[in-house]
There are 2 protein chains.
Amino acid sequence: MTQPLPVQQAAARLKEAGSVLILCHKNPDGDTLGCASALYHALASLGRTAAVLCADPIPPRFGYLRPRLYRGDFEPALTVAVDVASLQLLGAVAQTTAGPRRVDLCIDHHAGNSGYAQYSLVDPDAAAAAELLCDVIEAMGVQLTPQIAACLYTGLATDTGCFRFANTTAQTHRAAARLIEAGARVDELNTILFATKSRGQMEAERVARSHLEYHLDGRCALLWLTREEIAASGADPADLDELTSLPAGIEGVRAGLTFRQQPGGSWRVSIRTAQGVDACAIARRLGGGGHLRAAGCELQGALDNVKAAVLAETAAVLDGPEPEQPDQKEGR
Amino acid sequence: MTQPLPVQQAAARLKEAGSVLILCHKNPDGDTLGCASALYHALASLGRTAAVLCADPIPPRFGYLRPRLYRGDFEPALTVAVDVASLQLLGAVAQTTAGPRRVDLCIDHHAGNSGYAQYSLVDPDAAAAAELLCDVIEAMGVQLTPQIAACLYTGLATDTGCFRFANTTAQTHRAAARLIEAGARVDELNTILFATKSRGQMEAERVARSHLEYHLDGRCALLWLTREEIAASGADPADLDELTSLPAGIEGVRAGLTFRQQPGGSWRVSIRTAQGVDACAIARRLGGGGHLRAAGCELQGALDNVKAAVLAETAAVLDGPEPEQPDQKEGR
């Protein structure tokens, strides 16, 4: 249904189009925004009309990407989606008044890409869509400016946990080298992307760490934050996602649990597991879901009861047989 | 006093020596241990006698580097120090019964290398000594095995905070690409180096974070650990280096200070700064030294006095003119 397109031809189509609409996935991350912005700047440098459309606002820390946002001010000759695995992931912009949005070209690195676009450049071996975009933009004959390089570096760095995850390859590092030579400022970008925490985040982390507990003979670690503690810390609740990887990163721990109380009083439970432990199986037993090593659910009740319920299911999975599926992917 | 030696000649000297003693710096980190181990494996693959000497034990998590340790069982024809900026940093092994140890060759990336060796290969633009060692080992005509690649990757990754710090260059990424192609397992190594913490480390971090203080209108954040707290936590003191980046990573903080009490009672002060703030200038005023954005010193006295002394010098530098030198270095 979709037709695969090599890098050179994808570049040619983008270059030949008089005007291009670039689509991001909803809840945008560094890769979809970095790719869309890089492509916008590349097309603009060729004098083309281009703009970026995303169902959700761009988080403030990505402000330096400086894409032009689409305001319906031109009728695109070509529509391209970057880092978008399926039409649903476009969110509110998947539908137009005329029906499902027609996407001419998709540039992506998700193995599960649904093939929704007329033409697709999909490489599941690329650590980030930005790794592919590097090649596409060079094939367009565009000089990598510091601005374009910063956008693409953002995609590479965020999708690989700054070159830490298993999806990082020699190709990823070579792409990063090219971007640094083109003017990407590693220090500034990584400070924005990884190194800076608010005082509120520090305070919330302090409190959460003071609640650290070990269970199930040390195979399970957990921590929690009540809604009052979150409010008192001054942290933006959206900035507390990092906490979820903390208990699972402790020596000997096979399942790490994080309990964050929501404004309504329920508990959002995040489950992170070591290789060979099915986080999704734990979550499913509690009405939730997710991936093999990162899953979650939401439960009502007093913290002690919620903890006991999740620990019981965690014990059942830890003591049960290993999941069959080999766990290889960690990147997004 | 020391004679500079290009990569090819350093490689030739190492290759020609019948037996080689490889020296690490005290409180060994991933770069000095990764380099020493890589060089040991490279020399062993050529059938040479070689072994590694360090004043302190190798932290258990670096066990996979598998160097052969020196037991005084051979008289080295050549002594080489890796990632060692001065003789003092050799610690207890700087002295032999015959007097100060004679070092024939030094391979290092510290701009402040004291030139203690007869021949020196020092490149301050290298993010890690391991970046230099990659070239040296290839110039020795040694095939990069997965074991050697894992050792060198360890040096690169630990000295750059996994390619996050400002010292990371295009060259660093290219070296990483070569090492991955040679068989370095990014996922396994980074899990060991960055994702796993001992219970003791978690406890030490909890205590240190509970001591977090803001000073100088929020431009300075600091935390500390007494020797009793370190002992009670059960953490290996060598595993507490990560703490040093914590205070400097808080929004608005220009200088982050960490005070770790040493077994003898003195305070090891680590200084990390934002762009434009000269950490080394602060350290030098207190008898220490280091890089532009990562420096340190060691002070005697009660914690309150030590804090006051360091805060006074920090204030002087924060209120003074910006350093002239453009800021590029952050590694150790």
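User: Hey, quick one about chain B: which strands form the open sheet with mixed pairing, and in what order?

Analyst: That would be S9-S10-S11-S12-S14-S13, an open sheet of six strands in chain B. Keep in mind that we're looking at a predicted model.

User: Okay. Which strands of chain B are the edge strands there?

Analyst: Strand S9 (213-215) and strand S13 (289-290) of chain B, and each of them pairs on one side only.

User: Can we zoom in on S10 and S11 of chain B? How many bridges join them?

Analyst: Six bridges, linking strand S10 (residues 220-225) to strand S11 (residues 255-261) in chain B, and these two strands run parallel. To see one of the pairings, find B:Ala221: its bridge partner in S11(B) is B:Gly256.

User: Switching to chain A. What's the strand order in its open sheet with parallel pairing?

Analyst: There, six strands line up as S1-S8-S7-S4-S2-S3. At the edges are strand S1 (3-4) and strand S3 (49-53) of chain A; each has a single partner strand, so one side of each has no neighbour in the sheet.

User: And S2 with S4 in chain A, parallel or antiparallel?

Analyst: Parallel: four bridges join strand S2 (residues 19-23) to strand S4 (residues 78-82) in chain A. One place to look is A:Ile22, whose bridge partner in S4(A) is A:Val80.

User: What about "domain: DHHA1", which residues of chain A is that?

Analyst: UniProt, again in an unreviewed entry, lists residues 233-309 of chain A for it. That stretch comes out at 18% helix and 29% strand, with 27 Å between the end C-alpha atoms.

User: New topic: how the chains touch. How many residues of chain A are in contact with chain B?

Analyst: 39 residues of chain A, and they meet 40 residues of chain B. The area buried between the two chains is about 3,400 Å², with carbon and sulfur atoms giving 57% of that.

User: Which residues in chain A lose the most area to chain B?

Analyst: Three arginines: A:Arg164, A:Arg199 and A:Arg209, together 20% of what the chain A side buries.

User: Which helices of chain A each supply at least two residues to the side touching chain B?

Analyst: Helix H5 (170-181), helix H6 (186-195) and helix H7 (199-210) of chain A. H5(A) gives the most, with eight residues.

User: Last one: what classes of residue does that side of chain A have?

Analyst: There are 17 nonpolar, nine polar and 13 charged residues on the side of chain A that touches chain B.

Conventions. Residues numbered from 1 in each chain as written. Chains lettered and ligands numbered in written order. Predicted model: local features only at pLDDT ≥ 70, side-chain atom pairs only at ≥ 80, totals over all residues. Heavy atoms only, no water. Contact = heavy atoms within 4.5 Å. Buried area = accessible area lost by both parts, 1.4 Å probe. Nonpolar A, V, L, I, M, F, W, Y, C, P; charged D, E, K, R; others polar. UniProt positions renumbered as here; feature names shortened; annotations may be inferred. Pairing = 2+ DSSP bridges.
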